[in-house]
Amino acid sequence: MSSSKQQLESTICGVGSSIAENVAQKNDIEKALGVLCNDGVYAYYVFVKSLKTRKNKSQDYNPFLKNIEILMQFTHTELNGDNYQDYFRNLSRDINDLLFFKEILEQALTYARYHAKASDH
């Protein structure tokens, strides 16, 4: 496995773990993953923006957005500050970026789901 692929896989694992540790409702992970898979990346953004998922953080903290910022760095689309709406809108301009980001986000949420299930036991 190449070094960059190992780095990406390690990053995805870390993001999944961080999401699982910081969500208030574990079933929100399942819901977010379902929206992403069925309706796409922008629908994921709209859905998670509406969630009240702040566990031990300030009111402005959303783990479904804040924890995926590192994944955004693997695309050519740039996040300017905390302007997630522009990021997700601009992401759709490059089909390769959009599909790649969807794939890695889906993997991170899958890992988050397993981390959440493991922490329940």
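Predicted model: local features only at pLDDT ≥ 70, side-chain atom pairs only at ≥ 80, totals over all residues.
Trainee: Which residues does R113 touch, leaving out those up to four places away in sequence?

Mentor: R113 touches I29, E30 and L33, where contact means heavy atoms within 4.5 Å. Residues are numbered from 1 along each chain as its sequence is written, and side-chain values use heavy atoms, with hydrogens and water left out.

Trainee: What makes a stretch count as a helix here, and how many are there?

Mentor: Helices are DSSP runs of H or I with at least four residues, strands are runs of E with at least two, and both are numbered from the N terminus. By that rule the protein chain has 7 helices and 0 strands.

Trainee: Why is helix 2 called roughly antiparallel to helix 7?

Mentor: Helix 2 (residues 27-39) and helix 7 (residues 95-120) pack at about 160°, their axes 9 Å apart. The axes are lines fitted to C-alpha atoms, for helices over the stretch in contact, and angles run from 0 to 180 degrees between N-to-C directions. Angles under 35 degrees count as roughly parallel, over 145 as roughly antiparallel, 65 to 115 as roughly perpendicular and the rest as oblique. The angle of about 160° therefore makes helix 2 roughly antiparallel to helix 7.

Trainee: Which residues of helix 2 meet helix 7?

Mentor: I29, E30, A32, L33, L36 and C37 do, and their partners in helix 7 include L105, L109, R113 and A116.

Trainee: How do you know that F64 is buried?

Mentor: Buried means under 20% relative accessible area, exposed over 50% and partly exposed in between (1.4 Å probe, protein chains only). F64, in helix 4 (residues 63-66), has 0% relative accessibility, so F64 counts as buried. Across the protein chain, buried residues make up 41% of the 121 residues.

Trainee: And what are C13 and C37 called on that scale: buried, exposed or partly exposed?

Mentor: C13 has a relative accessible area of 32%, so C13 is partly exposed. C37 has 33%, and therefore C37 is partly exposed.

Trainee: What makes a disulfide, and how many are there?

Mentor: A disulfide is a pair of cysteine sulfur atoms within 2.5 Å. The structure holds 0 disulfides.
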